[in-house]
Amino acid sequence: MSQVKTSDFITVTREQLVRYAGASGDFNPIHTNMILAKDSGLPDVIAQGMYIMGLTGTHLTKWFGIHKVKQFDVKFTAMTLPGEEVQVTCTLQDETSGEVIVRNRNQEVKLRGLIQLN
């Protein structure tokens with residue numbers, strides 16, 4: 001019997017990306033400078049993959065408890081742009097393992113991974 005947890009939609013903002021750059025030390029300008037991002041062929045700045053993973057981890061620890069989340073591994077599958085709204089979904093197949101997916105409102109998958117619980 002599977003258990004599904006789903007977050008509300010979270011709007012990704014430019015301010016969050018700049019703040020995350022400062023906190024993480026990831027100062028790649030494709031995450032904070034629209035002109036340089038566009039000069040690099042991107043439509044806009046893009047969210048750091050680790051920022052999206054951090055949002056995911058925040059929800060996993062909120063749902064299951066920080067001491068219960070043993071591991072989660074992810075693959076980044078699509079860029080996330082400022083203004084996009086994303087939603088974290090975790091589907092547990094049993095008491096200790098499951099799948100994690102982050103999608104935008106158009107159901108485009110941004111991140112997909114696996115979770116292991118204690």
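A residue is called buried here when its relative accessible area is under 20%, and Ser97, at 17%, is therefore buried. The structure shown in these views is a predicted model.

View 1. Ser97 lies in strand S5, and its relative accessible area of 17% places Ser97 among the buried residues because the limit is 20%. When neighbours within four places in sequence are left aside, Ser97 is in contact with Leu92, Ile115 and Gln116.

**View 2. The largest nonpolar core.** This core has 27 residues, and those with the most contacts inside it are Ile52, Leu60, Phe64, Cys90 and Ile115. Two or more residues each are given to the core by H3, strand S3 (69-76), strand S4 (85-92), strand S5 (97-104) and strand S6 (109-117). Helix H3 supplies the largest share of the core, with seven residues.

**View 3. Helix H3 and the residue that follows.** Helix H3 has 16 residues and reaches 22 Å from its first C-alpha to its last, which is close to the 22 Å expected at 1.5 Å a residue. Several residues of H3 are buried, including Ile52, Met53, Leu55, Thr56, Gly57, His59 and Leu60. Just after the helix, Gly65 takes a positive phi of about 95°.

**View 4. Two aromatic pairs.** The structure holds two aromatic pairs. Tyr20, at 23% relative accessibility, counts as partly exposed, whereas Tyr51, at 11%, counts as buried. The rings of Trp63 and Phe64 have their centres 6.4 Å apart and their planes at 80°, so this pair is edge-to-face. Both Trp63 and Phe64 are buried.

View 5. Apart from its neighbours within four places in sequence, Phe64 is in contact with Lys5, Val69, Cys90, Leu92, Ile115 and Leu117. Elsewhere, Arg105 lies over the face of Phe9, at 3.9 Å from the ring centre.

**View 6. Salt bridges that involve helix H1.** A search of the whole structure finds six salt bridges. In one of these, the side chains of Asp44 and Arg14 meet at 2.6 Å, N to O. Asp44 lies in the loop between helix H2 (34-39) and H3, and Arg14 lies in helix H1, so the pair ties together parts that are 30 residues apart in sequence. Asp44 counts as buried at 12% relative accessibility, while Arg14 is partly exposed, with a relative accessible area of 39%. Arg19 forms another salt bridge with Glu15, and the closest N and O atoms are 2.8 Å apart. Because Arg19 and Glu15 are four residues apart in helix H1, about one helical turn separates them. Arg19 is exposed, with a relative accessible area of 58%.

**View 7. A network of salt bridges.** Glu84, Glu108 and Lys110 are linked in a network of salt bridges. Glu108 counts as partly exposed, at 37% relative accessibility, whereas Lys110, at 2%, counts as buried.

Conventions:
Residues numbered from 1 in each chain as written. Predicted model: local features only at pLDDT ≥ 70, side-chain atom pairs only at ≥ 80, totals over all residues. Heavy atoms only, no water. Phe/Tyr/Trp six-rings, centres within 6.5 Å; stacked < 30°, edge-to-face > 60°. Buried < 20%, exposed > 50% of the residue type's maximum accessible area, 1.4 Å probe, protein only. Lys NZ or Arg CZ within 6 Å of the ring centre and 35° of its normal. Core = buried A, V, L, I, M, F, W, Y, C linked by side-chain atoms within 4.5 Å. Contact = heavy atoms within 4.5 Å. Expected span 1.5 Å × (residues − 1). Salt bridge = Lys/Arg side-chain N within 4 Å of Asp/Glu carboxyl O.
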